[in-house]
Amino acid sequence: MRIERLHPDFGAEIHGVGLIEATSDAAVFAQVCAAFEEYSVLVWRDQPVTDDVQATFSRGFGPLELVKVGSAGHGTFYSRMSNIGQDGKIVPPSDKSLIIARANQLWHTDSSFKQIPAVASVLSARVIPEQGGETEFTSTRAAWERLSAAEQAALRDAVVIHSYATSRNKIDRTMMTPEEHAALPAVRRRMTWRNPVNGRCSLYLASHAGAIEGMGDQDGADMLADLIERATEPAYTYVHSWRPSDVVMWDNRATMHRGRPWGPNQLRSIVRTTISATEQSGLNDVLPERWEQRAAA
Ligand code: OGA
Ligand code: MN
């Protein structure tokens with residue numbers, strides 16, 4: 001396995017070892033896991049994976065999330081983000097998938113709004129436009145390390161309110177169904193996530209983050225916007241230009257990402273599997289009720 005750095009702060013392309021080799025050889029898988037913990041974003045080219053291969057590989061990192069109500073692939077392991085209709089043609093402009101794509105163009109980390117957040121996401125490119133439709137990443141571990149000691153002290157234990165409605169309302173206040181509202185109440189998360197493997201801390205931010213406990217609504221929203229802006233300056237991002245059969249995996253604890261727009265009439269279809277956080281990935285650090293239980297024990 002050979003590692004090619006993609007950005008000074010984070011990101012690596014993996015050469016010489018594909019998803020199938022990683023899944024079928026424990027020593028190789030351990031190397032991929034170590035690269036994931038170290039580099040936060042891993043890229044493979046030329047991996048024409050099936051759903052099964054993608055899920056089997058992803059499962060090595062922890063339990064798979066089921067796709068939430070209201071999203072394509074609901075109830076399965078496969079979040080299908082596609083503008084291709086049943087007839088193989090592009091969906092009409094009013095289609096929900098296009099609104100979802102716009103919401104994915106806000107800086108975010110996946111599933112921060114769920115009861116159990118996600119440690120990692122694995123995305124495979126099935127159909128990719130000729131131009132545009134890149135995905136941009138930044139390291140929130142590097143963003144944390146760039147803060148002053150005083151800022152770190154003030155933010156380390158801050159509690160942030162995340163909710164799916166926060167990010168969706170930025171795009172279209174009518175896009176969530178009543179079922180989605182009922183299934184996705186707001187959650188509390190610590191603003192920092194410490195990686196238990198290497199002890200490194202990161203800012204845990206997302207478009208889903210709307211308020212900071214103990215701060216006024218506007219002050220909290222302004223502080224979140226400022227932290228996101230500072231974390232995502234162009235010099236700090238890696239822009240992934242997709243080719244068909246690329247696979248990209250990222251650490252939702254230590255990065256943010258956003259999609260970029262692409263031209264009208266261009267087909268795009270991607271499939272994401274998402275791995276739930278567990279105690280091993282430091283879940284205790286971001287669920288305030290668990291730190292309270294720990295303190296009481
Ligand atoms: C995702 C996502 C952005 C994109 O799959 O989680 O945010 O470029 N995708 O489609
Ligand atoms: Mn995403």
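1. Conventions. Residues are numbered from 1 along each chain as its sequence is written, while chains are lettered from A and ligands numbered from 1 in the order in which they are written. Because the model is predicted, local features need pLDDT of at least 70 and side-chain atom pairs count only at pLDDT 80 or more, totals for chains, interfaces and linings use all residues, and side-chain values use heavy atoms, with hydrogens and water left out.

2. The seven-stranded sheet. Seven strands form an open sheet with mixed pairing, in the order S1-S2-S3-S13-S5-S15-S4; strands (E, at least two residues) and helices (H or I, at least four) are DSSP runs numbered from the N terminus, and two strands pair if DSSP finds at least two bridges between them. Strand S1 (2-5) and S4 stand at the edges with a single partner strand each, so one side of each is left without a neighbour in the sheet. From one strand to the next the twist averages 20°, where axes are lines fitted to C-alpha atoms, for helices over the stretch in contact, and angles run from 0 to 180 degrees between N-to-C directions.

3. The three-stranded sheet. A further open sheet has the order S12-S6-S14 with antiparallel pairing, and its edge strands, S12 (237-240) and S14 (255-259), each pair on one side only. Strand S6 (residues 135-139) is joined to S14 by five bridges, and the bridge partner of serine 139 in S14 is threonine 255.

4. Pairing around S7. Strand S7 (residues 159-162) pairs with strand S8 (residues 187-190) over four antiparallel bridges, with valine 159 opposite arginine 190. Three bridges join S7 to strand S11 (residues 209-212), also in the antiparallel sense, and here histidine 162 stands opposite alanine 209.

5. The manganese site. The protein donors of the manganese ion (ligand 2) are His108 (NE2), Asp110 (OD) and His257 (NE2), which lie 2.1 to 2.2 Å from the ion. Donors are N, O and S atoms within 2.8 Å of the metal (3.2 Å for Na, K and Ca), and since water is not among the atoms, sites may look incomplete. Histidine 108 lies in the loop between helix H4 (96-103) and strand S5 (118-127), whereas histidine 257 lies in strand S14, 149 residues apart. Both histidine 108 and histidine 257 are buried, a term that means under 20% relative accessible area, with exposed over 50% and partly exposed in between (1.4 Å probe, protein chains only).

6. The largest pocket. Among the 42 residues that line the largest pocket, Ser79, Met81, Ile100, Asn104 and Arg272 are the closest to its centre. A pocket is found on a 1 Å grid over the protein atoms alone, as an open set of points where a 1.4 Å probe fits, with protein on both sides within 12 Å along at least five of seven lines, and lining residues have an atom within 4 Å of a point. H4 gives the largest share of the lining, five residues.

7. Isoleucine 228. This residue lies in helix H9 (residues 217-231) and counts as buried because its relative accessibility is 15%. Not counting residues up to four places away in sequence, isoleucine 228 touches Trp107, Leu205, Ala206 and Met256, where contact means heavy atoms within 4.5 Å.
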